[in-house]
Protein chains: 2
Amino acid sequence: MALIVQKYGGTSVGSIEKIKKVAERVIEYCKKGDRLVVVLSAMAGQTDSLIKLSKEITDTPDTRELDVLMATGEQVSVSLFAIAVKSMGYDCHSLLGFQTAIHTDQIYGKARIRKVETDRILRELDENRIIAVAGFQGIDERKNITTLGRGGSDTTAVALAAALKADLCEIFTDVEGVFSADPNICTHARKLDRISYEEMLEFASLGAKVLDIRSVEFAKKFSVPLHVRSSFIRSEGTMVVAENREMEKAMVSGVVYDKNEARITITKVPDRPGIAFKIFDPVFKAGVVVDMIVQNTSVEGLTDLTFTVTKTDFQETIKLLKEIAREIGAEKVLGDQNIAKVSIVGVGMRNHAGVASRMFEVLSKENINISMISTSEIKISCIIEEKYTELATRALHEAFGLGNENEKK
Amino acid sequence: MALIVQKYGGTSVGSIEKIKKVAERVIEYCKKGDRLVVVLSAMAGQTDSLIKLSKEITDTPDTRELDVLMATGEQVSVSLFAIAVKSMGYDCHSLLGFQTAIHTDQIYGKARIRKVETDRILRELDENRIIAVAGFQGIDERKNITTLGRGGSDTTAVALAAALKADLCEIFTDVEGVFSADPNICTHARKLDRISYEEMLEFASLGAKVLDIRSVEFAKKFSVPLHVRSSFIRSEGTMVVAENREMEKAMVSGVVYDKNEARITITKVPDRPGIAFKIFDPVFKAGVVVDMIVQNTSVEGLTDLTFTVTKTDFQETIKLLKEIAREIGAEKVLGDQNIAKVSIVGVGMRNHAGVASRMFEVLSKENINISMISTSEIKISCIIEEKYTELATRALHEAFGLGNENEKK
């Protein structure tokens, strides 16, 4: 009799029919004797239409009240789900952020979970109920409603699994699991049976949309076994677990790309102490997330500084940087939105030399120029021209033998 | 500097434009120095579409979960309202049932308010905020969400006004106030400037849809001065206050009708002790609300018993009664849905003899047959054929001199 936390995303509960299907699936588990805590997102499209409603009033809706508004999305889906479960003869209670209770800090729109209470859930589980928890929402210390930001329901599920010491946390989504590459690009892409938390973190931060990165961090911290799988297909998905020896046999687990980045370069920056702070402090303060940063060796006291931001932050950052460049006496600010980041990820890299040079060789053979490189212990990322994204992904996928076809060899 | 509780109904907040208008109106009060607690209903149509959604799953949705679903309606309107107020430069916080907090019993769908906390509202008022409270909702002692039933937002407003010892509770609605008769039927109907709680109770229970009856009971119990007025027109509405000498000058305040009743008669009931209990206990237990009950004098140990129920309960009650009639050995069960109840109301009746006979005379002159009569200290109700409703209303309105035209005489 396992205690399982399941999370179903917005497309999985996107209609009354789909909500009923989820209810049936959850009940199957109960019939096997498992105890279920089910975390739901808002029905697909719901969150966007609520935001649209608020924008009819003002372009900058108050963040506290926007969270109150947003939280209704999950409230609707958990109550409908519980109605469905009860109509099928099983007992079920929905619980909202304040009832569970999920305590967060007070940063509206992207609050972080501080503490999850388990008393009420455990008591209701003991009363033989299925528990439907509204994802994405919590309360701060003054009982104000907060939301965790996009992808927040994943975090709700993992945090609950950690607090409840659940045997398993299953994330049901619209894909079958984590793939060795985007199956839309690589026809031979293979579903990975198991990957480590570290690899999943890299996948998530490098652009794979399967799991919210905070939820993976949470899972890693509390050793919550994650199972990422499809809501619509019954096959097994991908287990995300602690690293083990078996995993290290493969050099590379997958190839990931991200077309949502843009590159900015400031040329001839006077190279003196504190200059990086002067440049990046206003950028960070404007809420811009900077990804890769590369600084060339200084020549005659002047250096070029290049970094990447998301395309949505591009225009604002360019504008900000032009002011900064004037202040610090740099030459000019250049920008390029036609770039993509292609990365290879794998815990095996730790024990295999030459993975990076192999990657460069593959790209070179395809005549793809690399304009920036960033590495960590278990990943290598290259910035290339956007138009080569698919070609690079396929070439790397094949060269590192990741596909189904290669398996058969 | 008055503390005012205002309530705006579903049609008053039925669109983004209307929500903005309400925000502007509330801000006008603030500019005059008043402190405002604003109770809102769900946007018109919202509640019905949520119910419809749940009915797509099952015809008998779980009541606990239905309340969780319903409560999102008011959550949406208070957050949008607060967004509107803040966008106009005034501070505003929305508060939900669990935040205020409004404590109720655990009867989902028609919970009764037990206690209203005021700490948080008073603190937020001291911080110079407008407070937007979600009407219609509360929490039980286990923090489950409950709703107060149709018209519940009126009760929320009055309960808050009582707990906060507010100077005034204003109910903004889609009519201009309480009228001496339905203006759709009587062109001369007059808006009443002041009526007593008792009269308002009779008006509400006799079919006038202006105010929820529980809210009037609450207002009377705690002497909360009520002002019923239009959301769309700036003129004064009707003040509902404690009875005073001035009011008693008028014999009758208004004429009310209700077409939503149906009549049921059981003939030749053996007249013995306990028979009324035997008949009505199963009816009450089925949740049927019985209005008027008339029992004829017994002839040869047999009596006829007649009573009225709402049209929606008619079929079910007939079915139930047929079984009961068999059990107790009564003759048969007759039903009639083509009836209406016409009533005259006024605290002045206490001091004026002959009001009832005057009413019977007026109806008789119009050739309208009276099939049942029920009286209280301040009202007289007659059951007549439904098709005479408008005629009876107009005739009584004129005979008792209630209209604008008569005033001029």
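User: Helices (H or I, at least four residues) and strands (E, at least two) are DSSP runs numbered from the N terminus. What sort of model is this?

Analyst: A predicted one: local features need pLDDT of at least 70, side-chain atom pairs count only at pLDDT 80 or more, and totals for chains, interfaces and linings use all residues. Residues are numbered from 1 along each chain as its sequence is written, with chains lettered from A and ligands numbered from 1 in the order written.

User: OK, which strands make up the open sheet in chain A?

Analyst: Four, in the order β13-β18-β20-β19 (chain A), with antiparallel pairing (a pair needs at least two DSSP bridges). β13 (254-258) and β19 (372-376) of chain A are at the edges with a single partner strand each, so one side of each has no neighbour in the sheet. Neighbouring strands are turned by 20° against each other on average, direction ignored.

User: How many bridges join β13(A) and β18(A)?

Analyst: Five, in the antiparallel sense; β18 of chain A is residues 339-345. V255(A) sits opposite I344(A) in β18(A).

User: And which helix lies across β13, β18 and β20 of chain A?

Analyst: α7 (residues 197-205) of chain A, running at about 170° to β18(A) (angles run from 0 to 180 degrees between N-to-C directions of lines fitted to C-alpha atoms, for helices over the stretch in contact). Helix α12 (residues 355-365) of chain A also packs on the sheet: it touches β18, β19 and β20 of chain A, and makes about 20° with β20(A). Contact means C-beta atoms, placed from the backbone, within 7 Å.

Technical notes:
Two residues are in contact if their C-beta atoms, placed from the backbone, lie within 7 Å.
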